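This report goes through a protein chain by way of its confidence, its helices and its charged pairs. The sequence and the model come first.

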Amino acid sequence: MKITLGLETSCDETSAAVVCDGRKVLSNVVVSSLKEHQAFGGVVPEIASRAQLEVLLPVLDRALKTAKTKLSDVDLLAVTQGPGLLGPLLVGLSAAKALSLALGRPLVGVDHVLAHAHAGLLADSSVRYPCLALVISGGHTVILRLDSASRHRVVGRTIDDAAGEAIDKVAKMLGLGYPGGPEIDRLAKGAKSSPFHFTRPLLTSDSFDFSFSGIKTAVFYEVLKLKKNKPLTPTMKRDICVGFQEAVCDVLVKKTLRAAASEGLDTVVVGGGVSANSRLRQRMAAEAPKAGVRAVFPPLALCQDNAAMIAALGAALYREGRRDTLDLASYPDFVSAGPRR
C-alpha cells in the first residue's frame with residue numbers, strides 16, 4: 001500500500017495529508033478554526049462543523065498539490081473515526097467514504113488518540129514495538145502499551161480532567177485566554193522556582209491512573225485567596241503558572257516512567273497537544289535516561305491534530321489486515337479495546 005490519503009476532522013483542525021509507505025510524509029496541511037472559538041473560551045461544535053465543511057475540499061486540494069499527487073494515485077483512504085465532536089467527525093467520514101466509493105479504494109477508520117500514540121513512530125523510524133505511549137491532550141490523558149498497530153492495552157488514564165483540560169481551566173482563572181497551554185508555557189519558561197507548590201494527586205499511588213482535577217482546584221483556591229487582598233500581578237500569574245506546570249509535569253513524567261518499568265519497556269513515545277509543552281520535554285529528557293528509558297517526542301507539527309498521523313496509522317492497520325466498509329461509524333470517546341466498527 002504505497003500512497004495513503006489521510007483526513008482528520010475530529011475537532012477544530014481540518015487536515016489532509018499524503019503519506020508514502022506509511023512513513024514518508026509528502027504533505028500535511030492543517031487549517032484551524034481556533035480564532036472563531038476564542039471568544040467563547042472553548043470549541044463550539046456547530047462552529048467547528050461549519051468550518052470543516054468550508055475548508056475541507058481546499059485543504060484536500062492543497063495537500064494533493066503539495067505532495068504532487070493526484071487522487072487517482074491514492075491507494076488507501078484513512079480517516080479519523082473518533083474520538084471527537086460528532087459533527088466535525090461526520091464531515092471527514094463522509095468525504096472519505098465518498099472518495100473510497102468514487103475511486104474504488106479501501107477505507108480504514110483510525111482512532112485519533114491511538115494516532116497520537118503512534119506519531120512518535122512516524123517521527124522516529126527506529127522506534128519498534130512493543131513500546132509505551134503517553135497521550136496528553138485537551139480531552140485525553142492515557143498511558144498505553146503498544147504491541148503493534150492494531151494491538152494496545154491501557155496501562156493508566158485520567159479519572160477526571162485531562163491534563164490539557166486542567167491547563168485550559170487554570171489559564172481561564174488567570175485571565176490568559178484560550179487555549180491556555182501555549183500561554184502558560186510562555187509565562188513559565190525560564191523560571192527557576194515558584195513560591196507555589198501545588199498538590200500531586202495519586203503520585204504515590206501504585207496505580208498508573210492520573211487525576212488533574214485536584215491540581216486545578218488547588219490553583220482555584222490559591223487565586224481566590226490572593227484576589228482577596230489585591231488583583232493578581234503579572235509576577236503572581238507567572239509564579240502560579242510555574243508551580244502549576246511543575247506539578248502537572250511531575251505527575252506525568254514520574255507515573256509514565258514507573259509504568260515503563262512495570263511493563264518492562266525501554267521506549268516511551270509521547271504525543272498529543274500537551275506534548276508540545278517545553279517544560280514537559282525538558283523534564284522527560286532529563287529523567288528518562290536515569291530510568292534507562294528513551295523518550296521520543298514528535299515534532300511540534302505532529303503534536304496537534306493532523307492527518308499525517310492518521311494516514312500513517314491507517315496504512316499500518318491496513319497492512320495488519322484492517323478493512324472498513326461504508327457503514328463505518330463515528331464515536332465520541334476513546335475506545336480502550338480498539339476502534340469500534
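Is glutamate 222 buried or exposed? Glutamate 222 is buried, with a relative accessible area of 17%, where buried means under 20% relative accessible area, exposed over 50% and partly exposed in between, for a 1.4 Å probe and protein chains only.

## Basis and confidence

This is a predicted model, in which local features need pLDDT of at least 70 and side-chain atom pairs count only at pLDDT 80 or more, while totals for chains, interfaces and linings use all residues. Residues are numbered from 1 along each chain as its sequence is written, and side-chain values use heavy atoms, with hydrogens and water left out.

The chain averages a pLDDT (the predictor's confidence in each residue, from 0 to 100) of 93, and 98% of the residues score at least 70.

## Helix α7

Helix α7 (residues 213–229) reaches 26 Å from its first C-alpha to its last, close to the 24 Å expected for its 17 residues at 1.5 Å a residue, the expected span being 1.5 Å times one less than the number of residues. Its buried residues are Ile215, Lys216, Val219, Glu222, Val223 and Leu226. Seen down the axis of α7, these fall within an arc of 125 degrees, so they line one face of the helix; the arc is that of the directions from the helix axis to the C-beta atoms.

The face turned away from this buried side carries the exposed residues Tyr221 and Lys228. Glutamate 222 forms a salt bridge (a side-chain nitrogen of Lys or Arg within 4 Å of a carboxyl oxygen of Asp or Glu) with lysine 225, the closest N and O atoms being 3.6 Å apart. The two residues lie three apart in α7, about one turn of the helix, and lysine 225, at 48% relative accessibility, counts as partly exposed.

In α8, 21 of the 30 residues are buried. Glutamate 263 of this helix and arginine 145 of strand β7 are 118 residues apart, yet they form a salt bridge with closest N and O atoms 3.1 Å apart, and both are buried.

Another salt bridge joins arginine 294 to aspartate 124, at 3.0 Å between the closest N and O atoms. Arginine 294 is partly exposed at 33% relative accessible area, as is aspartate 124 at 22%.

Note on methods:
Helix = DSSP H or I, 4+ residues; strand = E, 2+ residues; numbered from the N terminus.
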